[in-house]
Amino acid sequence: MISIIICCRNKQISSELHKNIEETSGCRYEIIVVDNSDNKYSIFSAYNEGIGLSRGTCFCFIHDDILFHTKNWGKELLEIFERNKNIGLIGVAGTKFKSKMPSAW
């Protein structure tokens with residue numbers, strides 16, 4: 001099972017994101033929302049808080065303003081970790097625009 005840990009600027013995630021995860025993950029998952037509406041946590045401490053509440057074997061840290069476009073992304077992620085025991089971390093960063101000027105990614 002994947003524990004999807006979300007540091008949220010509101011008390012809960014949008015219904016759009018919840019539905020998106022449900023329709024695209026392709027595996028068992030739990031959603032752990034860390035309410036950061038009062039800026040109590042840094043992003044790192046919020047994610048650590050989420051880990052403490054999780055029951056999954058794999059952690060997926062996301063922001064509350066994203067949507068997944070790949071169907072069965074969770075199933076594929078779990079299969080990658082199962083096939084490759086020496087992999088402990090997979091990171092993804094995304095954007096709709098990449099400028100020709102040097103930037104963070």
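**View A. Pairing of strands β1 and β3 in the predicted model.** Strand β1 (residues 2-8) and strand β3 run parallel and are joined by 6 bridges, and within this predicted model Ser3 stands opposite Phe59 in β3.

**View B. The two faces of strand β3.**

**View C. The buried and exposed sides of helix α2.** In helix α2 (residues 43-53) the buried residues are Ala46, Tyr47 and Gly50. These residues lie on the same side of α2 because the arc they cover around the axis is only 95°. The elements covering the buried residues of α2 include β1, β2 (29-35) and β3, while the face turned away from the buried side carries the exposed residues Phe44, Asn48 and Gly52.

**View D. The largest nonpolar core.** This core holds 15 residues, of which Ile2, Ile4, Ile6, Ile21 and Ile62 touch the most other members. Two or more residues come from each of β1, α1 (15-24), β3 and α3 (73-83), and β1 gives the most, with 4 residues. Apart from this core lies another, of 7 residues, among them Cys7, Ile32, Tyr41 and Ala46.

**View E. The surroundings of Ile6.** Leaving aside residues up to four places away in sequence, Ile6 touches Ile13, Leu17, Ile21, Ile31, Ile32, Val33, Val34, Ile62, His63 and Asp64.

Notes:
Residues numbered from 1 in each chain as written. Predicted model: local features only at pLDDT ≥ 70, side-chain atom pairs only at ≥ 80, totals over all residues. Heavy atoms only, no water. Buried < 20%, exposed > 50% of the residue type's maximum accessible area, 1.4 Å probe, protein only. Pairing = 2+ DSSP bridges. Arc of directions from axis to C-beta. Contact = heavy atoms within 4.5 Å. Core = buried A, V, L, I, M, F, W, Y, C linked by side-chain atoms within 4.5 Å.
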